[in-house]
Amino acid sequence: QVQLVESGGGLVQAGGSLRLSCEPSERTFSISSYTMAWFRQAPGKEREFVGGINWSGWNIDYADSVKGRFTISRDSAKSTVYLQMNSLKPEDTAVYYCAASRTLMSYVFRVSQDYNYWGQGTQVTVSS
């Protein structure tokens, strides 16, 4: 079973930046054949969609709460998806998860149940 491995989390002050990375555990897993997304879950809250990129790379979608601050990109040659997070706020504190969906559509799914593969998560803490 392919797993996704996140990295890049940590502690940062409000206004700072972090870049998260997501790689599959197997090199045969081509991220260009999947819709890739980031979700996050804060303590006591449900997991929520942050942003995603569809399989073609032509459609990128963001949650309103991060639009203009976060950027998703991918490097197909490295089979890596990135989440660049700028102007971080304390309310961005959460465990961030990478996810992949086998279903190929022109749009990005926002519901976690539409994703087949998940990472273990990486903690992001933003201090005020």
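1. Tyr 34 is buried, with a relative accessible area of 15%; buried here means under 20% relative accessible area, exposed over 50% and partly exposed in between, with a 1.4 Å probe and protein chains only. Tyr 117 also counts as buried, at 11% relative accessibility.

2. A note on the basis of these values. This is a predicted model, in which local features need pLDDT of at least 70 and side-chain atom pairs count only at pLDDT 80 or more, while totals for chains, interfaces and linings use all residues. Residues are numbered from 1 along each chain as its sequence is written, and side-chain values use heavy atoms, with hydrogens and water left out.

3. The structure holds nine aromatic pairs. Rings of Phe, Tyr and Trp (its six-membered ring) pair if their centres lie within 6.5 Å; planes under 30 degrees apart count as stacked, over 60 as edge-to-face and the rest as tilted. In one of the pairs, the ring centres of Tyr 34 and Tyr 117 are 5.9 Å apart and the planes stand at 80°, so this pair is edge-to-face. Tyr 34 lies in the loop between strand E3 (18-24) and E4, and Tyr 117 in strand E10, so the pair ties together parts that are 83 residues apart in sequence. Strands (E, at least two residues) and helices (H or I, at least four) are DSSP runs numbered from the N terminus.

4. Phe 109 and Tyr 115 make another pair: with centres 6.2 Å apart and planes at 80°, it is edge-to-face. Phe 109 is buried at 7% relative accessibility, and Tyr 115 is buried at 5%. Both belong to one aromatic cluster, formed by Phe 39, Phe 49, Tyr 107, Phe 109, Tyr 115 and Trp 118.

5. Strand E9 (residues 94-101) is mostly covered, with seven of its eight residues buried. Two strands pair if DSSP finds at least two bridges between them. E9 pairs with strand E4 (residues 35-41) in the antiparallel sense over seven bridges, and Phe 39 stands opposite Tyr 97 in E9.

6. Trp 118 in E10 is the bridge partner of Ala 99.

7. Which rings does Arg 47 lie over? Arg 47 lies over the face of Tyr 97, at 3.8 Å from the ring centre, and its charged end sits over the ring of Trp 118, 4.8 Å from the centre. A charge sits over a ring if NZ of Lys or CZ of Arg is within 6 Å of the ring centre and within 35 degrees of the ring normal.
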